[in-house]
Amino acid sequence: MFKHLKETIKQLAQSAVAIAEKALGSSTGQLKKKMAIEYVTSKLPVPAIFRSLIAALLSGFIDDSIEFAVEYMNSLNQKTDGENYE
């Protein structure tokens with residue numbers, strides 16, 4: 001179960017970072033990260049009653065996934081136009 005959930009979190013993190021960047025723009029790194037974490041936890045494919053528990057158990061993994069997604073987006077962006085998603 002957790003392996004499938006972790007793959008889903010990685011995918012959600014990529015979407016969350018893109019959505020946060022589009023919504024908040026630059027110079028709001030911590031706010032974007034908070035928005036991304038909230039997005040991921042709200043979209044977890046588990047019953048709503050368990051979301052906060054699962055989010056707490058996997059908080060480190062969710063954080064790492066978001067950081068990885070930010071780095072990935074930045075690397076893509078540096079290749080195209082030089083903007084940063086931080």
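1. Buried here means under 20% relative accessible area, exposed means over 50%, and partly exposed lies in between (1.4 Å probe, protein chains only). Lys32 is buried too, at 5% relative accessibility. The two form a salt bridge, with their closest N and O atoms 2.5 Å apart. Lys32 sits in helix α2 and Glu21 in helix α1, so the bridge ties together parts 11 residues apart in sequence. A salt bridge needs a side-chain nitrogen of Lys or Arg within 4 Å of a carboxyl oxygen of Asp or Glu.

2. **What you are looking at.** This is a predicted model; local features need pLDDT of at least 70, side-chain atom pairs count only at pLDDT 80 or more, and totals for chains, interfaces and linings use all residues. Residues are numbered from 1 along each chain as its sequence is written, and side-chain values use heavy atoms, without hydrogens or water.

3. **The fold in outline.** The chain has four helices and zero strands. Read from the N terminus, the order is α-α-α-α. Helices (H or I, at least four residues) and strands (E, at least two) are DSSP runs, numbered from the N terminus.

4. **Overall size.** The C-alpha trace spans about 40 × 20 × 15 Å along its principal axes. Buried residues make up 29% of the 86.

5. **The core.** In soluble globular proteins, nonpolar side chains tend to be buried together. Here the largest nonpolar core holds 18 residues. Such a core is a set of buried Ala, Val, Leu, Ile, Met, Phe, Trp, Tyr and Cys residues joined through side-chain atoms within 4.5 Å. Leu5, Ile9, Val40, Leu44 and Ile66 touch the most other members. The elements giving two or more residues are α1 (2–24), α2 (29–42), α3 (48–57) and α4 (59–80). Helix α1 gives the most, with six.

6. Beyond its neighbours within four places in sequence, Leu5 is in contact (heavy atoms within 4.5 Å) with Leu44, Pro45, Val46, Ile54 and Leu58. Tyr39 lies in helix α2. Tyr39 is partly exposed, at 24% relative accessibility.

7. Glu67 and Lys33 meet at 2.9 Å, N to O. This pair links distant parts of the chain: Glu67 is in α4, Lys33 is in α2, and they are 34 residues apart. Lys33, Asp63 and Glu67 are linked in a network. Glu7 and Lys10 form another salt bridge, at 3.5 Å. These two are three residues apart in α1, about one helical turn.

8. Which residues make the nonpolar surface patch? They are Phe2, Ile49, Phe50, Leu53 and Leu57, covering about 550 Å². Helix α3 gives the most, with four residues. Ile49 counts as exposed, at 69% relative accessibility. Patches use residues with over 30% relative accessible area and no salt bridge: like charges are joined within 9 Å, nonpolar side chains (Val, Leu, Ile, Met, Phe, Trp, Tyr) within 5 Å. Accessible areas come from the Shrake-Rupley method with a 1.4 Å probe; for residues, only the protein chains shown count as cover.
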